[in-house]
Amino acid sequence: MGFFDVIKKVVQGSLPKEEEPQLLNAERPEGLALAIGVSTGELQMRGHASGLDPNQLAWLVNDDCCQNICVMGGIGAGKTTRIINPLLSQLLHYEDVGGLIFDIKGDFGCAVDQFAQEAGDRTVYHIGVGDNCQGTNLIGGLTPQQAAGFLQSTFYLCGGATNDSFWIQSATALVENTLGLLQYLGDKYYNLEKAYQYIFFEDARQAIDLLISKVELPAGSMERRYLDNYKGYYDNVFMKMDIKMRESIKGTLSTILSPFQAPELIDAFSGSANDYNLAGILSGDVVLVDLPLAKWTTAGKVIYTLIKLRFFALLQERQAEKSLPQNYVFFMCDEYQQIISASKHGLSDLSFWDKSRSAHCVGIISTQSVSSFRSAIGDPNLCDTILANFRQKIFFKTEDAQTLELMNKLTGRVEVTRQSVNYTNGQGSNRQPGHWFSGTNNNNSTSINNQIVERQLIDSNLVRQLNSDLVIGLLNVEGESADDVFYVTPKYVNE
């Protein structure tokens, strides 16, 4: 499929501003196809070589969807109703496309359920706290090494007072060896609740040690050796440390594990018969994680991070294991800066999104601005690295200078002709010597000068003129840039 095959002309002539383009009613290209908006031709008119002709419907098709979509715009700009809702509605019509949706604000569940019903009563699995939600064991099916690595990423996201590598590495080693012991007692003990109790409560540790001592494994077997190593770390390494060092390591770990002593979170995320297996997403399940951060704060960030990393790991696993379902899946999250993890150690947003295309993952995130991303991550270089992996960028009206700077970096400058007009008016005398009478001459002249100058393609004046139905889209379609100001169609939730 060529570049112009996925840019469909839908309107002849000019598109009236009052006429809402009917994106979802247009003929769809084959495969996974997401309609974005109708071009205005504004950037082409400004001299942008990658600008589109007006009245073109822009589609992202198949792997172009997997170049990841980042939506930016100020509060109330229209990100949810004009982009997030329409994209979700379209994705839900593909029965074999599974998805993971994060509702970190707690106001998206009704929209997901409505769009799923409109798409043919698709089932949405709700994970969270409450009667209508299922739970999931956050570390179920993971090795102690994997689980500890995932927890390590959460230390850097919400590790409290320290981001010091020594304390985080020490806390990671402690939880890895603790989980290594607990795995020999089965699923009932292999969870974050029991890990917290073993590390922080002496009576719980003694009771668990008693159970572990009764585990029968063949002498000299690999499993016996692993069990002895895990117990040896606790008895001969951790407990031999200075008490102040032990308490500092435990203090680092408590920020992450202590929330899992809340009864609601124990029931939802420490293993039960009603647990949902996240691997179902690969087979077409749609999962909504509903934990408003306003209520669950640090615990919510830890849970979202662990579920996100498990999702990343599932996609990486199926790249190596071709017997697993290979269909497209999507990930969707609003206000993504609140749970982004840019750890250089192990799996994180930093190491996943650059490979997500080959994993057939459609990443869709939104945030208010580049500034909010940089503030959350802390390191501007890491922020820019992650944003570079979201190649489909959509901008609503914004006042953020760093967001405008990003648009300018991506689109560059254009040459324009600046015309200047000069007027001159002069008067002179033609009196001859020896004559009493003389005349005057009036001299008027006009000169027009054309000068080629450069200016930014996208300036604050253009951005300020955007209303909620107009976005600046910097897209990549079949390897070609497709940039413009687009009309976008709102998708509302029924009251």
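This is a predicted model: local features need pLDDT of at least 70, side-chain atom pairs count only at pLDDT 80 or more; totals for chains, interfaces and linings use all residues.
## Aromatic pairs

The whole structure holds 17 aromatic pairs. One of them joins Phe311 and Phe312. Their ring centres lie 6.4 Å apart and their planes meet at 50°, so this pair is tilted. Phe311 is buried, at 2% relative accessible area. Phe312 is buried as well, at 0%.

Phe312 also pairs with Trp353. Here the geometry is edge-to-face: the centres are 5.4 Å apart, with 80° between the planes. Phe312 belongs to helix H11 (residues 293-320), whereas Trp353 sits in the loop between helix H12 (349-352) and strand E9 (361-367). The pair therefore ties together parts 41 residues apart in sequence. Trp353 has a relative accessible area of 2%, so this residue counts as buried under the 20% cut-off.

## The aromatic cluster

Which residues form one aromatic cluster? The members are Phe102, Tyr304, Phe311, Phe312, Phe331, Tyr336, Phe352, Trp353 and Phe390.

## A charge over a ring

Lys194 lies over the face of Tyr189. The distance to the ring centre is 5.2 Å.

## Asn408

Asn408 is placed in helix H15, which spans residues 401-411. Is Asn408 buried or exposed? Its relative accessible area is 16%, under the 20% cut-off, so Asn408 is buried. Leaving aside residues up to four places away in sequence, Asn408 touches Gln456 and Ile458.

Conventions:
Residues are numbered from 1 along each chain as its sequence is written. Side-chain values use heavy atoms; hydrogens and water are left out. Helices (H or I, at least four residues) and strands (E, at least two) are DSSP runs, numbered from the N terminus. Buried means under 20% relative accessible area, exposed over 50%, partly exposed in between (1.4 Å probe, protein chains only). Contact means heavy atoms within 4.5 Å. Rings of Phe, Tyr and Trp (its six-membered ring) pair if their centres lie within 6.5 Å; planes under 30 degrees apart count as stacked, over 60 as edge-to-face and the rest as tilted. A charge sits over a ring if NZ of Lys or CZ of Arg is within 6 Å of the ring centre and within 35 degrees of the ring normal.
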